[in-house]
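Morning, everyone. Please bring up the sequence and the 3D view, and follow along with me.

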Amino acid sequence: MLIDTHCHLDAAEFAADRDLVAARARAAGVEAMVVPAVEYANFMDVLACRANYPGCHAALGIHPMYVARSRPDDLALMRAAVAQHQPVAIGEIGLDFFVPDFDAEGQEFYLSEQLKIARDFDLPVLLHIRRAQDRILKHLRRIKVKGGIAHAFNGSRQQADAFIGLGFKLGFGGAMTYPRATRLRELAATLPLEAIVLETDAPDMAPVFAARERNSPEYLPLIAQVLADLRGIGIADVAHATSANARAVLGALA
């Protein structure tokens with residue numbers, strides 16, 4: 001059995017067949033999935049997934065690419081929602097310095113304030129990181145949180161070790177399946193197995209065998225097989241280890 005630690009099951013891309021997608025994932029051996037919010041406006045959609053689908057867990061947060069659509073008042077509303085609904089993590093939060101015309105100051109304000117919410121509620125965080133590994137590490141050293149997951153990790157080995165040292169697991173998914181992703185595949189093969197969790201980021205970040213298609217949580221076993229092949233171990237070992245890792249870092253899954 002596998003755990004998808006990052007799946008946007010609430011996304012509009014699944015509106016027509018969400019029930020079927022969830023059922024197919026469960027039939028494929030995905031026993032649990034974490035559905036992270038991206039803005040206050042979709043908190044209820046994420047919570048509805050938790051209510052409607054067995055093994056579905058909610059994370060609440062404001063994504064860096066949704067900062068422009070958010071207001072500082074949303075942070076107080078988020079704090080109240082976390083107290084009421086008890087999510088498994090704060091997320092998806094972070095920094096994205098890849099998108100054009102990014103608002104670094106605004107992103108860092110929302111990241112900092114959401115790390116404080118995670119600290120105050122003793123919750124792990126799900127981190128979105130693009131071209132901002134060291135900047136996020138700086139924030140994590142300043143605002144101590146319980147740990148969490150560096151989603152879609154794509155940093156250096158030194159940065160990986162820094163996140164691990166702060167109590168984080170590293171998320172690997174579809175990007176790892178592309179043969180040309182040599183640096184990422186090297187990390188997947190050589191990092192301590194106890195530092196790795198699996199994810200799809202569905203409907204985004206489709207693996208190589210579904211390139212240019214909608215990604216889906218049912219693909220997680222195939223992603224797990226790629227990790228097993230890269231490490232030269234059996235898929236049962238990958239499933240056992242990564243699921244145990246997910247439960248260790250996201251305590252509510254246990």
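I will go through aromatic pairs, then nonpolar cores, then one glutamate.

A caution before we start: this is a predicted model.

Aromatic rings, then. How many aromatic pairs does the structure hold? There are 6 of them. Take tyrosine 40 and phenylalanine 43. Their ring centres are 5.1 Å apart. Their planes meet at 65°. Over 60 degrees counts as edge-to-face, so the pair of tyrosine 40 and phenylalanine 43 is edge-to-face.

Are these two partners buried or exposed? Tyrosine 40 is partly exposed, at 32% relative accessible area. Phenylalanine 43 is buried, at 3%.

Now find phenylalanine 163 and phenylalanine 168. They also make an edge-to-face pair. Centre to centre, that is 6.0 Å, with 75° between the planes. Phenylalanine 163 is buried, with a relative accessible area of 0%. Phenylalanine 168 is buried as well, at 2%.

On to the cores. In soluble globular proteins, nonpolar side chains tend to be buried together. Here, the largest nonpolar core has 65 residues. Which residues have the most contacts inside it? They are Leu9, Ile90, Val125, Leu127, Phe163 and Phe172.

Zoom in on isoleucine 90. Leave aside residues up to four places away in sequence. Isoleucine 90 then touches, among others, Leu60, Met78, Val82, Ile117 and Val125. Gln114 and Pro124 are also among its contacts.

Last stop: glutamate 218. Where is it found? Glutamate 218 sits in the loop between β8, residues 196-198, and α8. Glutamate 218 is partly exposed, with a relative accessible area of 23%. The cut-off for buried is under 20%, so 23% puts glutamate 218 in the partly exposed class.

What does glutamate 218 touch, not counting residues up to four places away in sequence? Arg24, Ala25 and Ala28. With arginine 24 there is a polar contact between side chains, at 2.7 Å. Arginine 130 is another matter. From C-alpha to C-alpha, glutamate 218 and arginine 130 are 26 Å apart in space. Along the sequence, 88 residues separate glutamate 218 and arginine 130.

Note on methods: Residues numbered from 1 in each chain as written. Predicted model: local features only at pLDDT ≥ 70, side-chain atom pairs only at ≥ 80, totals over all residues. Heavy atoms only, no water. Phe/Tyr/Trp six-rings, centres within 6.5 Å; stacked < 30°, edge-to-face > 60°. Buried < 20%, exposed > 50% of the residue type's maximum accessible area, 1.4 Å probe, protein only. Core = buried A, V, L, I, M, F, W, Y, C linked by side-chain atoms within 4.5 Å. Contact = heavy atoms within 4.5 Å. Helix = DSSP H or I, 4+ residues; strand = E, 2+ residues; numbered from the N terminus. Polar contact = N/O pair within 3.5 Å; in protein donor to acceptor, adjacent residues only side chain to side chain.
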